Amino acid sequence: MKYLAAILALSVTSLVGARAELTVASLSTITTDIAKNVGGDRVKIIPIIGPGVDPHEFQPSPADIKKIVKADLVLITGKHLEGYLTKLEESAGGAGKFVDTGAAFPSLKLEEDGKMVEDPHWWHSIDNVKKATAVVEKSFIDADPANKATYEKNAAAYLAELKSLETWAKKEVSTLPREKRKLVTSHDAFQYFARDFGFKIYAIEGVSTEDEPSSKKITDLINTIKSEGVKAVFFESIENPKVVTEITKETGAKVGGELYADGLGDKTAATYPEMVKYNITTIVDSLK
Amino acid sequence: MEGRPWLRIWLILLGFTFLGLPVWRVTHPAAVAPPKDLREGTITFPLRVEVTFASPPTSFDLEYLGATLISSHAPNRDFAIDWKVAISKEGVDLFLSAEWPPGTPTTAVRVKVTRDGSAIAEQTFWGDGSLAETLTVWEPKP
C-alpha cells in the first residue's frame with residue numbers, strides 16, 4: 001500500500017511538473033530575448049517575429065494567430081508598434097493574456113507631419129529594458145507562481161548583465177566628444193538612445209519605416225550634414241542602403257555602417273546585449 | 001654595525017622607503033596629466049573638479065574622452081584636481097566609475113566642477129555596490 005501511494009504521488013508530481021512549462025508568444029525579438037533570460041528552461045518561447053523582420057510592416061498570418069491563441073501569455077512592445085493589436089486581441093479571445101512591456105515607462109513623443117506620435121523604439125534605452133524585464137518577470141510569476149523563485153533568480157541575473165552593459169555603454173560613448181554625437185539614420189528609431197547618451201538624430205524617414213522621405217526633406221538633410229560636419233551616415237539592417245549611399249555621395253560623409261534599429265539580428269546581434277554593443281561600437285568608431 | 005649608528009638609521013630609513021612606496025601608491029590617486037584638448041572652435045577653461053564620497057569606495061576612476069584624470073584604488077579621502085579643457089557649445093562629458101565593498105548600502109558621490117570658485121556643474125550620483133555615470137559640463141556663462 002505504501003509503495004502504491006508513493007508511485008501515485010510521483011505520478012502526480014510529474015504531471016504538475018509537466019504543466020509548469022509556460023508557453024509564451026512574443027511579438028518582438030527584444031521581448032523574446034527578455035523572455036528567454038527570465039524564463040530559462042521553465043518557459044517555451046514562440047517567437048512570432050524573428051530576426052530581420054520589420055515590425056512596422058509585419059501583419060500576423062493565420063498560422064501566427066493559431067500559435068498566439070494557444071499561448072498562455074503574449075508579449076508585446078506596445079506604444080502602438082503593433083498596429084494590428086486590437087484585431088489580434090479579438091481573434092485571440094481577449095486582451096487578458098497580452099503583456100504590454102512598454103507600458104512600464106513613459107514614451108518619447110515626436111512631431112511627424114504636424115502631429116505628435118509615440119516613439120515605439122524604447123529598447124534603445126537600456127534603462128527601459130530593465131523596466132520591461134521587471135514586467136516580464138511579474139507576468140511569468142502571476143501566470144506560473146510555482147516557479148516564482150526561478151523567475152526571480154533569472155531576472156536578477158539578467159538585470160545584473162544589463163547593469164554591466166549600461167556601464168560599458170556609458171564608458172564607450174564618453175570617449176566620443178559631444179559635438180560629434182550627430183547620428184544620421186535611415187529612420188527615426190534612435191531617439192531614446194539620443195536622450196540617454198546625448199546624441200542629436202537626423203533621420204531620413206520618420207518614426208515608421210513605411211514613411212517615404214520627400215525630396216525636400218532629403219535636400220534639407222544634405223544641407224544639415226554639410227553644415228554640421230557630420231562624419232558618417234548609417235543604414236539599418238532591414239533597410240535598403242541605397243538612399244544612404246546617395247546622401248554620402250552628395251555630402252562627402254562616409255557610410256558609417258549598419259545599425260540594428262527595429263530588433264535583433266541573427267548573427268552579430270543575436271541577443272540584446274550583443275545588439276547594444278554592436279550598435280554603439282559601430283557609431284562611436286565611425287564618428288570619432 | 002654596533003659602532004655605526006648612522007648606518008643603522010640609514011638602513012631603517014631605506015627599509016621604510018621601500019615599504020612605504022607601494023602603500024603610498026595604493027592609497028593615493030595616480031597623478032595623470034589631463035589630456036590635451038584644444039579642439040577647433042572651442043574655448044579652453046581652467047576648471048577645478050572636486051569629488052566627495054559619502055563612504056570610501058574600493059576603486060574610483062574619473063575619465064575624459066577615454067583618458068584618465070583620476071584613478072585610485074582604496075581612496076580614503078576626497079579628491080580635487082585642476083583641469084584645463086576646451087568646451088564646445090555641446091558641452092563635455094566626465095565619466096566616473098566607482099566600486100564599493102560588498103554589502104555597502106546605497107551610497108553617494110558628489111562631483112562639483114568650479115571655475116574661479118563658482119560651480120558650473122554639480123551633481124550627486126548614487127551607487128548600489130558600483131556606479132558608472134556621466135556628468136556633462138557646459139560652457140561657463142560670461
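1. Chain A comes with a domain assignment of domain 1 (2-169) and domain 2 (175-287), the bounds being taken from an automatic or database assignment. This is a predicted model, in which local features need pLDDT of at least 70 and side-chain atom pairs count only at pLDDT 80 or more, while totals for chains, interfaces and linings use all residues. For orientation, residues are numbered from 1 along each chain as its sequence is written, and chains are lettered from A and ligands numbered from 1 in the order in which they are written.

2. The contact takes 27 residues from domain 1 of chain A and 26 residues from domain 2 of chain A, where two residues are in contact if their C-beta atoms, placed from the backbone, lie within 7 Å. On the domain 1 side, H2, S5, H5 and H6 of chain A each supply at least two residues, and H5(A) gives the most, with four residues. That side divides into 12 nonpolar, eight polar and seven charged residues; Ala, Val, Leu, Ile, Met, Phe, Trp, Tyr, Cys and Pro count as nonpolar, Asp, Glu, Lys and Arg as charged, and the others, Gly among them, as polar.

3. Overall, chain A has 10 helices and 10 strands, which are DSSP runs numbered from the N terminus (helices H or I, at least four residues; strands E, at least two). The C-alpha atoms of chain A fill a box of roughly 90 × 40 × 30 Å along the principal axes. Of the contacts in chain A with a separation of 6 or more, 60% are between residues 24 or more positions apart.

4. Now to the interior. Of the 288 residues in chain A, 42% are buried, meaning that 20 or more other C-beta atoms lie within 10 Å of the residue's own, with C-beta atoms placed from the backbone. The largest nonpolar core has 66 residues, and Val24(A), Val38(A), Val74(A), Leu75(A), Val99(A) and Val136(A) have the most contacts inside it. This core draws at least three residues from each of domain 1 and domain 2 of chain A. A core here is a set of buried Ala, Val, Leu, Ile, Met, Phe, Trp, Tyr and Cys residues joined through C-beta atoms within 7 Å. Beyond its neighbours within four places in sequence, Val38(A) is in contact with residues including Val136(A), Phe140(A), Tyr151(A) and Tyr158(A).

5. Among the buried residues of H10(A) are Tyr272(A), Met275(A), Val276(A), Ile280(A) and Ile283(A). The buried residues of H10(A) pack against helices H2, H5 and H6 and strands S7 and S10 of chain A.

6. S5 (residues 109-112) and S6 (residues 115-118) pair in the antiparallel sense over four bridges, pairing requiring at least two DSSP bridges between the strands. Glu112(A) has Lys115(A) as its bridge partner. With two residues between the strands, Asp113(A) takes a positive phi near 50°.

7. Finally, the chain interface: the contact takes 14 residues from chain B and 10 residues from chain A. On the chain B side, S5(B) gives the most, with four residues.

Note on methods:
A residue is buried if 20 or more other C-beta atoms lie within 10 Å of its own, exposed if 12 or fewer, and partly exposed in between; C-beta atoms are placed from the backbone.
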